[in-house]
Amino acid sequence: MCGIVGYVGHDNARDIIIDGLKKLEYRGYDSAGIALQNKGQIIVRKRQGKIANLEEAIAGEDLYGNTGIGHTRWATHGAPSDSNAHPHINGDGSIAVVHNGIVENYVELKEWLSEEYGVVFRTETDTEVIAHLIGVLKKTTLEDAVYEAVKMMRGAYAIVVLAKDEPGKIVAYRKDAPLIAGLGKGGNFVASDIPALLKYLNKIYLVENNEMLICTPEQIQILDQDRKQVKR
């Protein structure tokens, strides 16, 4: 099972996310990556192999962002490689996605995106399909696009998404795959398992099936599949 960590707050997300991913290494993985919101763009770095390979690759870079997502991947669609590692982005780099699980109808969605929108795919993964799908569906807010996307997706998955034009926001959705949210001081978190967050906080929400998270530095909203707010 892959690992997910996301952070939105006032500190640099880079080191927080990498530290959280290390706490999930016990789940097994073949590649690791990170995406950070920075000055109106999304910066993605990813490497095949251990998290140490990713750390070595970015050691000389001054990467900074208060919002970010990270992932350790165990290959399902597409062989282990730098390009197939998560996070995945859409064509113009405006959407970044990490994903656990499987999108069963990704081939159908891939064909539809190619035929209707001329999307060119750069990887062999079902996760890249999610990034492009959310990208073409995004007319207003990121959460609107994610809701529309999950209506079209079949399978068991947890997805966590950034949009470059909505800084300071992470949107996540759970369908039959583990997902949690954490409340912290000066920042909030999402993850696929509790050990990733224990160092940073002691209040954790267990996200139920077919629920969405909208995370900002100030709050975490939980919405059900009918977009009604859930109090937990």
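Which nonpolar residues form a patch on the surface, and how much accessible area do they have together? The patch consists of Ile-194, Leu-198 and Leu-206, which together have about 270 Å² of accessible area. Patches here are made of residues with over 30% relative accessible area and no salt bridge, with like charges joined within 9 Å and nonpolar side chains (Val, Leu, Ile, Met, Phe, Trp, Tyr) within 5 Å. The accessible areas come from the Shrake-Rupley method with a 1.4 Å probe, and for residues only the protein chains shown count as cover. Exposed means over 50% relative accessible area, buried under 20%, and partly exposed in between (1.4 Å probe, protein chains only).

This is a predicted model, in which local features need pLDDT of at least 70 and side-chain atom pairs count only at pLDDT 80 or more, while totals for chains, interfaces and linings use all residues. Residues are numbered from 1 along each chain as its sequence is written, and side-chain values use heavy atoms, with hydrogens and water left out. Helices (H or I, at least four residues) and strands (E, at least two) are DSSP runs, numbered from the N terminus.

The sheet comes next. Six strands form an open sheet in the order E5-E6-E7-E8-E12-E13, with antiparallel pairing. E5 and E13 stand at the edges with a single partner strand each, so one side of each is left without a neighbour in the sheet. Two strands count as paired if DSSP finds at least two bridges between them; strand E7 (residues 155-163) and strand E8 (residues 170-175) pair in the antiparallel sense over five bridges, and Val-161 stands opposite Val-171 in E8.

Most residues other than glycine have a negative phi, and most peptide bonds are trans. The peptide bond from His-86 to Pro-87, however, is cis, with omega near 0 degrees, and Pro-87 lies in the loop between strand E4 (67-73) and strand E5 (88-89). Lys-39 has a positive phi of about 50 degrees although it is not a glycine; Lys-39 is found in the loop between strand E2 (31-38) and strand E3 (41-48), where it is exposed, with a relative accessible area of 81%. Arg-227, likewise a residue other than glycine, has a positive phi near 70 degrees, lies in the segment after strand E13 (220-223), and counts as partly exposed at 40% relative accessibility.

Charged side chains are the next topic. Side chains of opposite charge can pair when their charged atoms come close. With a salt bridge taken as a side-chain nitrogen of Lys or Arg within 4 Å of a carboxyl oxygen of Asp or Glu, a search of the whole structure finds 15 salt bridges. In one of these, Lys-151 pairs with Glu-148, with the closest N and O atoms 3.1 Å apart. Both residues lie in helix H5 (residues 142-152), three residues apart, about one turn of the helix; Lys-151 counts as exposed at 61% relative accessibility, whereas Glu-148 is partly exposed at 37%. Another salt bridge joins Asp-176 to Lys-175, with the closest N and O atoms 3.3 Å apart; Asp-176 counts as partly exposed at 44% relative accessibility, and Lys-175 also counts as partly exposed, at 22%.

Arg-232 forms a salt bridge with Glu-211, the closest N and O atoms being 2.8 Å apart. This pair links distant parts of the chain, since Arg-232 is in the segment after E13 and Glu-211 is in strand E12 (residues 211-215), 21 residues apart. Arg-232 counts as partly exposed at 40% relative accessibility, whereas Glu-211 is buried, with a relative accessible area of 6%. Salt bridges that share partners join Lys-138, Glu-143, Asp-165, Glu-166 and Lys-169 into one network.

Finally, the cysteines. The structure holds zero disulfides, a disulfide being a pair of cysteine sulfur atoms within 2.5 Å. Cys-2 is in no disulfide, and the nearest cysteine sulfur, that of Cys-215, is 20 Å away, which is too far for a bond. Cys-2 is buried, with a relative accessible area of 10%, and Cys-215 counts as buried at 1% relative accessibility.
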